[in-house]
Amino acid sequence: MGILDLMLGSSGPGEQGVEGKSYALPKETHEFVYPVAVRREELEAFATLLEAEADAPSFEENVDEVQEALDTVLEDHDIDAAELADERRRPRRVAEPVIDHWLDQFEDDADLGVVYALPGTRPALVSFVGLCRRRDQDVDDPFERPESFSCVTALLDRLEAATGSQYRAVVHTDLLAAEER
């Protein structure tokens, strides 16, 4: 039985592992990860969402004007608009390399594959999707959520199921994006 069959619940009877064997792997070159079955269309939908959010104008492009407004309205408080803008960009900067790496791992003709998520990967992706939802609900924000958004939520649901379990695997760090480690 392959790992995809096991992850998708298609496993049959038989030996699922080898009992009584253990191996010591160097911590410097190996990580605990959650294997997650994904579809290419889900990763492409997430990439489309990343692009849509990056392309939509936001206050980050007008940091000087925002700083003036903050200084005028909140005279007594020292709020840096550049830091605020940088913090707002952070979810995309964290999510983008993960999705790019996962797409690079897919074979050209494959529609289904396995990616490896570190323990902090799911919260980072959820944070970005939350930002997109907030921007989409803001009537003054020009951001428009792509039609493929349901594929993104399907990926997040599967990621939640995978990372919520006790099952983890150990992989060599060469299989992980440098930004993930």
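Student: How many aromatic pairs does the structure hold?

Tutor: One aromatic pair, where rings of Phe, Tyr and Trp (its six-membered ring) pair if their centres lie within 6.5 Å. Phe46 and Phe128 form that pair, which is tilted, with 5.9 Å centre to centre and 35° between the planes. Planes under 30 degrees apart count as stacked, over 60 as edge-to-face and the rest as tilted.

Student: What should I know about the model itself?

Tutor: This is a predicted model, in which local features need pLDDT of at least 70 and side-chain atom pairs count only at pLDDT 80 or more, while totals for chains, interfaces and linings use all residues. Residues are numbered from 1 along each chain as its sequence is written, and side-chain values use heavy atoms, with hydrogens and water left out.

Student: Is Phe46 buried or exposed?

Tutor: Phe46 counts as buried, at 0% relative accessibility. Phe128 is buried at 0% too. Buried means under 20% relative accessible area, exposed over 50%, and partly exposed in between (1.4 Å probe, protein chains only).

Student: Salt bridges next. How many are found?

Tutor: Six in the whole structure, a salt bridge being a side-chain nitrogen of Lys or Arg within 4 Å of a carboxyl oxygen of Asp or Glu. One of them joins Arg135 and Glu53 at 2.8 Å, N to O. Arg135 lies in helix α5 and Glu53 in helix α2, so this pair ties together parts that are 82 residues apart in sequence.

Student: Are those two buried or exposed?

Tutor: Arg135 is buried at 2% relative accessibility, and Glu53 is buried with a relative accessible area of 2%.

Student: Which other residue meets Arg135 in a salt bridge?

Tutor: Asp141, at 2.7 Å, N to O. Asp141 is buried, as is Arg135. Glu53, Arg92, Arg135 and Asp141 are linked in a network of salt bridges.

Student: And what does Arg145 form a salt bridge with?

Tutor: Asp136, with the closest N and O atoms 3.8 Å apart. Arg145 is partly exposed, with a relative accessible area of 40%, and Asp136 is partly exposed at 30%.

Student: Last one: where is Asp109 found?

Tutor: In the loop between α4 (81-105) and β2 (112-117). Asp109 is exposed, with a relative accessible area of 67%.

Notes:
Helices (H or I, at least four residues) and strands (E, at least two) are DSSP runs, numbered from the N terminus.
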